[in-house]
Amino acid sequence: MAARVGVVTFPGSLDDRDAAAAVHIVGGEAVALWHEDTSVGDVDAIILPGGFSYGDYLRCGAVAHLAPVMRAVARFAADGGPVLGICNGFQVLCEARLLPGALLRNERLRFVSRPVGIDVVRIDTPFSAGYADGQRITLPVKHGEGRYVADVRTLDELEAEGQVVFRYAPGENPNGSARDIAGVTNAAGNVVGLMPHPEHAVDAVLSEGTDGRGMFAGLLAAIGRPVAPV
Amino acid sequence: MTGDAAVVDVFPPDEQLDEERARPLARELGLTDEELDRIVETLGRVPSVSELGMYSVMWSEHCSYKSSRMHLRGLPTTGPQVLVGPGENAGVVDVGDGLAVTFKIESHNHPSAVEPVQGAATGVGGILRDILTMGARPIAVMDALRFGDPGGWTALDGTTVPVDPRQRHLVDGVVRGVGLYGNCVGVPNIGGETIFDPGYAGNPLVNALAVGVLRHEDLQLARAERAGDLAVLLGSATGRDGIGGASVLASATFEDDGEDRRPNVQIGDPFAEKLLIECCLELYHRGLVSGIQDMGAAGIACATSELSSAASMGMRVDLDRVHLRDDTMASWEILCSESQERMLALVRPEQLDEVLATAARWQVPASVIGEVVEGTTLTLSRRGEVVAAPPARSLADEGPVLDRPRARPDRLDALAAVDADDVDLHAEAARLAGGDLATLLHRALGSPMLASKRWVHEQYDHLVLGGTVLQPGVAGAGVVRLEGTDRAVALSTVGNGRWCELDPREGTRRVVAAAYRDVACTGARPLATTNCLNMGDPTQPEQMWELVEVIGGLGDACAALDVPVTGGNVSLYNATRGAAIPPTPVVGILGVLDRAGDAVARRVRDDGDELWLLGAPTTRGLAGSVLGALLGRGPGGVLARVDLDLERRLAAVLGASASDGKLRSAGSIGRGGLLAALVRACVGGGRGAQVTLPDVDGRAATTDGVHLAQALFSESPGRALVSVAPAHAAQLVARCEEAGVGAVRLGEVGGDAVELDGVAALPLDDVTRVHLDALAGALGESTA
């Protein structure tokens with residue numbers, strides 16, 4: 001049976017359609033979840049997509065993490081369900097304390113939109129299992145507030161516990177993130193957030209290549225669901 | 001309210017005017033004495049304050065097109081591909097399979113000069129609502145930006161051009177504004193232009209283009225056809241911001257009081273627009289809307305009068321029901337407010353609850369403010385009393401039409417007498433760069449005019465909505481796939497004030513051809529045109545003459561290339577303290593690709609591929625060129641005439657070769673000539689090339705300095721630089737021969753330098769750094 005992957009739409013979510021399309025391309029079924037939902041229903045995994053939830057006129061993700069659906073997402077995560085936050089979704093997960101750290105304005109104080117090299121540094125999460133250890137992939141970033149920060153002790157713990165999943169390739173850190181961190185996971189390894197956009201790199205006809213496919217195909221394989229052939 | 005509103009002649013005390021008070025107020029609002037006389041004649045009485053306010057905005061240049069209207073009538077606007085032509089909010093073009101595409105470009109020049117961030121942001125927001133109004137989901141935006149020279153770069157003689165802080169401020173603000181809005185509203189930016197030229201120092205140009213897709217049956221029209229339908233105001237609360245912003249700001253030249261006009265600039269809320277877009281699309285798909293109009297310039301006055309006039313109906317509107325930010329607003333302020341992110345939808349009474357529930361789901365405020373009625377009068381009331389009762393048509397469609405005096409500027413003769421082609425590049429290298437031609441070329445490529453606009457593109461989301469095939473910077477046109485299909489549309493915008501100031505008619509023909517060629521180079525079939533005519537002061541006969549010449553050139557070229565004009569915008573009064581911008585028609589051309597995967601970028605792909613110059617022969621073409629500007633030469637020279645029939649044949653060759661999958665890269669040769677095209681191709685592909693110079697004017701290639709200047713920098717029209725695998729070169733040549741299109745082999749891809757016939761070798765690393773980083777450097781930005 002095809003994997004059912006919930007994709008949450010907050011008011012102001014923008015890349016929700018793209019996340020759903022990426023799930024579909026690898027053979028999964030995308031299930032639309034609405035910010036007012038109080039249950040996530042029968043899904044195998046959840047994606048919090050990119051965008052500007054509630055306009056993000058306040059701190060990014062600060063309003064969205066209070067939405068009713070987030071209580072259901074937190075329960076799903078606590079039960080070990082795989083949850084992926086992409087860009088704004090990563091910001092929401094940090095605000096919700098489902099992931100450590102925070103995302104601040106880019107070091108150069110400008111929105112940055114370009115492909116960057118990413119090293120996959122941990123492959124035993126559901127969202128990185130589709131890659132080889134240390135694999136260098138290229139994914140686009142597009143954000144104004146993607147500079148990952150945490151206090152030194154937290155950063156040291158993340159490193160020691162292997163909670164850094166994706167790192168910007170040397171010299172390619174686009175936003176001043178601490179220790180070139182592009183994506184992290186929680187202690188249990190089932191919740192992953194990253195600033196780059198894998199969902200925009202799944203279709204060979206489009207501009208960004210297909211290096212993002214592994215994230216979705218790997219998820220489906222990791223939870224024992226069929227994956228569509230390339 | 002009872003009775004026929006048209007006979008109202010007594011208004012509340014704060015609305016009532018007499019002849020004596022009406023005249024100075026009318027003048028203050030920008031209406032001429034003749035216009036006031038006409039209003040009095042139309043109404044059969046002195047207008048109320050609210051009516052005067054409505055007429056002043058609806059009859060402004062921006063809304064009425066009074067100076068250009070009679071001339072625009074001559075444009076070609078029809079064709080089998082055109083579903084909706086000019087007159088609606090945006091033109092609609094059939095792209096096959098029951099799908100249509102709507103697109104339009106509009107200016108936001110004056111607001112952006114006053115407040116660059118919000119001016120540019122609301123320019124994007126406004127054009128998106130034009131697209132939404134047609135029933136379409138917006139799928140991409142582009143922006144055509146023009147600024148003065150920011151300085152901070154190395155001139156050809158090695159000196160640093162002094163920094164102009166005001167230009168830096170404008171560039172920073174406008175780019176932030178475009179990004180702020182587009183990124184947050186979730187529509188990808190797929191390109192445009194960023195041009196730096198001293199001619200725009202006093203009047204930056206900010207033109208925003210949007211494109212949307214719809215199924216034929218979802219087409220919406222701005223018509224109030226059914227009496228009893230309710231008028232529902234959707235979106236943000238109405239406030240005092242932007243009263244007379246677009247309409248009044250855009251209808252006068254700037255003097256020294258820019259600061260005082262800041263309250264006229266609207267403030268954008270892209271989040272509100274995102275919700276409004278999703279709400280409206282849901283209403284369309286559920287068949288809940290019978291007519292809709294966006295509210296931009298002239299706000300409620302414009303939306304109500306246009307909806308009514310288009311269907312020869314009337315409307316009753318109760319201004320007390322408009323949701324306001326400040327309920328002390330006067331009636332005329334409510335009517336003329338240009339608060340952003342608002343739409344006026346017409347709905348059946350029995351479907352109102354469903355409409356309101358949909359709006360609530362998207363958190364979009366909604367108020368029922370009136371209803372469609374029989375008759376032709378717009379009856380507006382406040383606190384139970386009628387405050388305005390004009391015939392809708394007189395506002396929307398019977399504004400003044402002026403045949404303004406025009407005169408060919410004498411200076412054109414002097415300009416035509418200049419020999420712009422008298423350039424010896426070796427001599428210039430000796431004069432400016434110690435005889436080192438490569439240094440001279442590097443400096444030229446590092447000028448803001450020729451440098452990559454990567455610094456701009458990287459501040460815009462070009463991926464959201466998941467359809468971007470060719471992103472900004474990789475081709476002369478952006479390409480997006482239409483969701484759920486293999487089809488894609490290609491869009492290019494081109495303007496060139498340097499060409500048009502020499503010869504507005506021929507310059508415009510050349511601009512149309514350049515945009516057409518950009519689209520054709522991607523492999524797309526050009527279909528239709530939108531345009532934004534950025535011009536000077538129409539009350540000056542010479543500037544009025546330029547406007548009419550530009551429109552003539554536009555019509556001529558669009559007819560010859562079979563790309564009908566489906567809409568556009570005229571921006572006049574782009575002049576500061578008597579100095580006008582060069583005439584700058586910005587032309588947007590839309591094309592279609594049957595298979596998105598066929599789209600061709602301009603970057604070279606593989607070592608060993610052959611480089612070919614296709615199309616017209618290279619001719620003397622330094623009139624109005626970037627090289628002329630870099631050498632500090634004033635404007636002058638005669639533009640080589642564009643062969644529009646050849647452009648069509650070239651487009652056919654490019655389209656056929658792309659759909660065969662045989663074209664590895666293609667890029668138009670325009671601003672900056674063959675050198676700029678080569679550098680874009682090589683830097684984009686990360687590969688060098690060995691190139692032989694082409695003949696110029698039939699003279700066999702030599703490496704003398706005069707030939708070199710033309711071969712590298714001529715901007716003569718009709719040419720494209722392409723690459724093909726060696727195995728496919730013969731087929732390409734045969735195809736060109738059959739079509740009567742020139743084909744000249746220039747060399748091949750490979751190596752670690754752009755090598756030019758042994759006269760100069762530009763190491764790829766150096767030229768890449770210069771090309772990609774120069775603009776950020778000039779603007780004082782780090783590139784790390």
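This is a predicted model: local features need pLDDT of at least 70, side-chain atom pairs count only at pLDDT 80 or more; totals for chains, interfaces and linings use all residues.
I started with burial: 64% of the 784 residues of chain B count as buried (20 or more other C-beta atoms within 10 Å of a residue's own, with C-beta atoms placed from the backbone). Residues are numbered from 1 along each chain as its sequence is written, while chains are lettered from A and ligands numbered from 1 in the order in which they are written.

Next I looked up the overall build. Chain B has 27 helices and 28 strands (DSSP runs, H or I of at least four residues for helices and E of at least two for strands, numbered from the N terminus). I also noted that its C-alpha trace spans about 85 × 50 × 45 Å along the principal axes.

Then I turned to the largest nonpolar core, which holds 341 residues (buried Ala, Val, Leu, Ile, Met, Phe, Trp, Tyr and Cys joined through C-beta atoms within 7 Å). B:M58, B:V489 and B:L678 touch the most other members. I picked B:L678 and, leaving aside neighbours within four places in sequence, found it in contact with B:A689, B:V691, B:L721 and B:V754 (contact means C-beta atoms, placed from the backbone, within 7 Å).

Last, I visited helix α25 of chain B, residues 705-713: seven of its nine residues are buried, so it is largely enclosed by the rest of the structure. Its buried residues include B:H707 and B:F713, and they pack against α16 (425-432), α22 (626-630) and α24 (673-685) of chain B.

Definitions and conventions: A residue is buried if 20 or more other C-beta atoms lie within 10 Å of its own, exposed if 12 or fewer, and partly exposed in between; C-beta atoms are placed from the backbone. Two residues are in contact if their C-beta atoms, placed from the backbone, lie within 7 Å.
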